[in-house]
Amino acid sequence: MGVAVGCGESVLWGISFDATPISGVVVEFVKTARIFQQRGYRVHLDLGYDVKADKNVFFQPYRDEAALLPDWVRLARIDGLDSVPGYDAKFATAVLREVVQAGDERLLPRVEAIAEQISHRIVDTWRRRGVSFVLVENGTLPENITYTRAVYLAIERYGREEGLGRFVLWRDHDLMWQSEPAAGKYGIFPYPHAVAPVDSPHIQYLVQHAEARRRMLHWQPDLHHLAVLPNTFSTPPAAVDEHNAGFRRDYGIPAQAILIARPTRLIPQKRIDRDLHLLAALHVHPRLPADIYLFVTGDRAESPAEYVRLAALARRLGVADRVVFGGWLAPHAGEVGRPAGHGYSVQDLFAHADLVSFLTSGDYESYGNPIGEAVAAGVPYITTGYDLYDLVYGSVGFQAPVMDLAAGDLPTPPFVDAVADLLVDAETRRRTVAVNQRLGARRLACSRRQVRDLLDRMVGPATAPRPTPMDAGIRMSVVLPVYNEAANLPAVLASLYGQRGDDGMPLRNRVPYEVVVVDNNSTDTTVEVARRFAAAHPDLPVQVIQEGEQGVACARRAGMQFAVARSRARADAEAARRFYLVSADADCRVDPTWLWELFVTMEAGKAAIGVCDYYYRAEHFAGRPRLWAAIDRTLRCRAVTFRLFGGFPDGKGFAVERGAYEKVGGIEIFYQVQDGRFVPHLSDDWDFGISVRGSGEEIVYAPRSRVEINPRRVDHALAEVIAGRAYGHGGTIVMRDIRDPDLAADGARDLTAAQARQAWEFSVRDFTPKNTILPVLLTPSLLDDDAVADFFTPSLARRLSRRIAEILDEMRVVDLTPIHAYKTPSYRLYFEFADEIFARLRATVGSDIGRPPPLPTCLREVPDGRFREFVRYYCEDRESGAAHDHFGNGGVF
């Protein structure tokens, strides 16, 4: 049984282990909870006052905390915790000190007994509230292992008794190895007294970045349901408006003063003393006016001693009149909604700030939310080089003065000068913000979509009915996008129904599979045909779902997410068995053993993706020998490189292991402009393969898993095919619907010799960068493989390896997986090594491959000795789209 979705009575229960009303943990909860709220969930949040003992709020009632949160978030508690014998702040503190830190296990029997009692109260509360989904924030950090253990017991019991599938998101922001590890606050690896994550059928675990995932799996290698979900920062740029116009006046900050914002909690680990020292240095800096103010957020009562220390330091440094300890501000209004009746938000502070500071401890931060908030708000920032800064922000290319902690514990003169330079130069600030916002639009604003995708995979799309339960034995879901395929669909479904094993017997009896038909706004009887087929063939599960956004990429993605959600919801499926998502195409035909061969290849190699053999029937081109020769050469080249590198997936037929699909966030829908309108990019399958290979996973070629390509594009649009425009031009990759019955087929017309040469040149130019160069560009270590080195020759392999490193360094490319990112370096390598690569293709495929096609006219005229330089200009010219068109713009045959 799945989790109810889209129902007005659905309830999300959140539990924060942070025990504070506003923190990065709570803010991220609210961002995620908004997505649930938009799906009709009622949202309850337990702030964790009865969990964390060091905040002095154990069993304390809520006061005005709700005013800091959106009005759709209802603060809640587990009923009756104060009546559990022996459970109080003193006990939680003793367990942390004696068990977790000192390794004394004498309290563990009491921990288990009390956790059992708490778990019953949690289940009773969830049942009374009608909870259908749970979001645990920061539950692994062993601040209170009794409560963590109780939550695990409650999840297993509630999920079993209510018949729920995967109904818990468990997100860890801070973990032991990144939270003051030098102090040994939570013990040492392997943290024997932390409550380790369990591989539960009810829990999807989340961490914030790849390094956290790597460390988590190093600690718990058998954890299967662990995904990366970065924090999201999607606020609009901060601006002064009628609501916040009085911010400076209300806090006594002059209108013309420079304002540095420090959004933080008032605790020692945040190192606000560094900001005070920086303010004192800037106050007397020769290039700056004396009017500089620092605004520090955070509750003074959270750590009264720290506030007293900081206030005294400000007086000693002579800047006490320039520091505003402003107290809690509401989270960003643009992201979580401005709380009704509350004063100012962090966004309002940013609207008036000239700079955001994050001079935090080196080993305390798990992410660095204020930096992402500043980027989204359009404010420059400064930061320390804390342990995870480069991983989250620095390596991506975000620009900011960074305080080198190795150079000193307090701001050094060079760092103070860098900050002063930024503050006095408005143009530098503008450029810095522009660069950071461009990077942020891709890197920091995407995870809200990832949350939605994750929920779709766990519980189904928001608009969909509850999925039909999937049988525990099913190993594969074949996803079939369809649009007006009523005439074609019976034969396609019959070929899927008729799949056989190597013994000739029906595959559905040996390796159970299902078919997911995704209707993409058909106006004919496609849906009725699919449902009639399902009714007539009850021994093959056929699901029919709808995808309203037009485009085969959208439909394929919807079907795969639907299949993932249903497969994950099976509490009784064997966790050790791999589950595969298989893409099929409604206008192609699959061989009888297509699915079997794909399955056994994937099982044998344990690869992430399995790629099929795509072919045309030679007899269809009888009487068209020139056209067939061009097609045949392309297919023979493909067979050689697919066997060598594994190839890349084509929507006509490929399989992906479910975990690998989830690891990269599924299929990404990228949009492009066509005729003034945004339309989905057509190369979702190819780009998905690049993401998977770029994540370090393997792709395997299954040569006996065969898919016959429908030749109608060659028949009906031959002029576009041989001109390299079958899939658009200028970098816009689209596909014209050529099923119009009024379109005249080119029939048996063969190509002229000139047309045949043109068709081959476009085909091989499209093929070579993508299938021969791209694999080694994504994974340069392949060039050390003996078979790959033999294909290229050892000498060429070594030179390719060196040149790849040079080009990527020159282009400052750190990630080739974003759409189009691979094209420029692939094209450059093609031009620089074409003669040698074609020599190797002639040697391995056949002499009829010939020599490289002629260079573009502009490259034939470049000065001697400057060929590489002008190749770079040509390949990086995004405006003209000339390089895309030269290389067939995404596909030919």
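**Helix α22 and beyond**

Mentor: Helix α22, residues 684-694, is mostly covered, with 9 of its 11 residues buried. Buried means under 20% relative accessible area, exposed over 50%, and partly exposed in between, with a 1.4 Å probe and protein chains only. Helices (H or I, at least four residues) and strands (E, at least two) are DSSP runs, numbered from the N terminus.

Trainee: What should I know about the model itself?

Mentor: It is a predicted model: local features need pLDDT of at least 70, side-chain atom pairs count only at pLDDT 80 or more, and totals for chains, interfaces and linings use all residues. Residues are numbered from 1 along each chain as its sequence is written, and side-chain values use heavy atoms, with hydrogens and water left out.

Trainee: Which residues of α22 are buried?

Mentor: D684, D685, W686, D687, F688, G689, I690, V692 and R693. Just after α22, G696 takes a positive phi of about 100°.

Trainee: Zooming out, how many helices and strands are there?

Mentor: The protein has 31 helices and 25 strands. It has 893 residues, and 59% of them count as buried. The accessible surface is about 34300 Å², with 51% belonging to carbon and sulfur atoms. Those areas come from the Shrake-Rupley method with a 1.4 Å probe; for residues, only the protein chains shown count as cover.

Trainee: And contacts?

Mentor: Take contacts with a separation of 6 or more: residues 24 or more positions apart account for 79% of them. Contact means heavy atoms within 4.5 Å.

Trainee: Give me one residue as an example. What does F91 touch, leaving aside neighbours within four places in sequence?

Mentor: F91 is in contact with G86, L107, R110, V111, I114 and T146. F91 lies in helix α2, residues 89-101. At 5% relative accessibility, F91 is buried. L107 is 16 residues away along the chain, and the two C-alpha atoms are 9.4 Å apart.

Trainee: Salt bridges next. How many does the structure hold?

Mentor: There are 47. A salt bridge is a side-chain nitrogen of Lys or Arg within 4 Å of a carboxyl oxygen of Asp or Glu.

Trainee: Why would such side chains pair at all?

Mentor: Side chains of opposite charge can pair when their charged atoms come close.

Trainee: Show me one inside a helix.

Mentor: R157 and E161 meet in a salt bridge, 3.2 Å from N to O. They are 4 residues apart in helix α4 (residues 145-162), so about one helical turn separates them. E161 is partly exposed at 42%.

Trainee: What about one that spans the sequence?

Mentor: R475 lies in the loop between α15 (447-459) and β14 (476-482) and E603 in helix α19 (residues 594-605), so the pair ties together parts 128 residues apart in sequence. R475 is buried at 9% relative accessible area. E603 is partly exposed at 21%. Elsewhere, salt bridges that share partners join R271, D273, R274 and D409 into one network.

Trainee: Is R106 buried or exposed?

Mentor: R106 counts as exposed, at 71% relative accessibility. R106 forms a salt bridge with D104, with the closest N and O atoms 2.5 Å apart. D104 is partly exposed, at 23%.

Trainee: Switching to the surface. Which residues make the nonpolar patch of about 320 Å²?

Mentor: Y671, V673 and F678 make it. Patch residues have over 30% relative accessible area and no salt bridge; like charges are joined within 9 Å, and nonpolar side chains (Val, Leu, Ile, Met, Phe, Trp, Tyr) within 5 Å. Y671 lies in strand β21, residues 671-674. Y671 is partly exposed at 35%.

Trainee: Last topic, backbone. Where is the cis bond at P190?

Mentor: The cis peptide bond joins F189 and P190, with omega about 10°. P190 is in the loop between β5 (168-171) and β6 (203-207).
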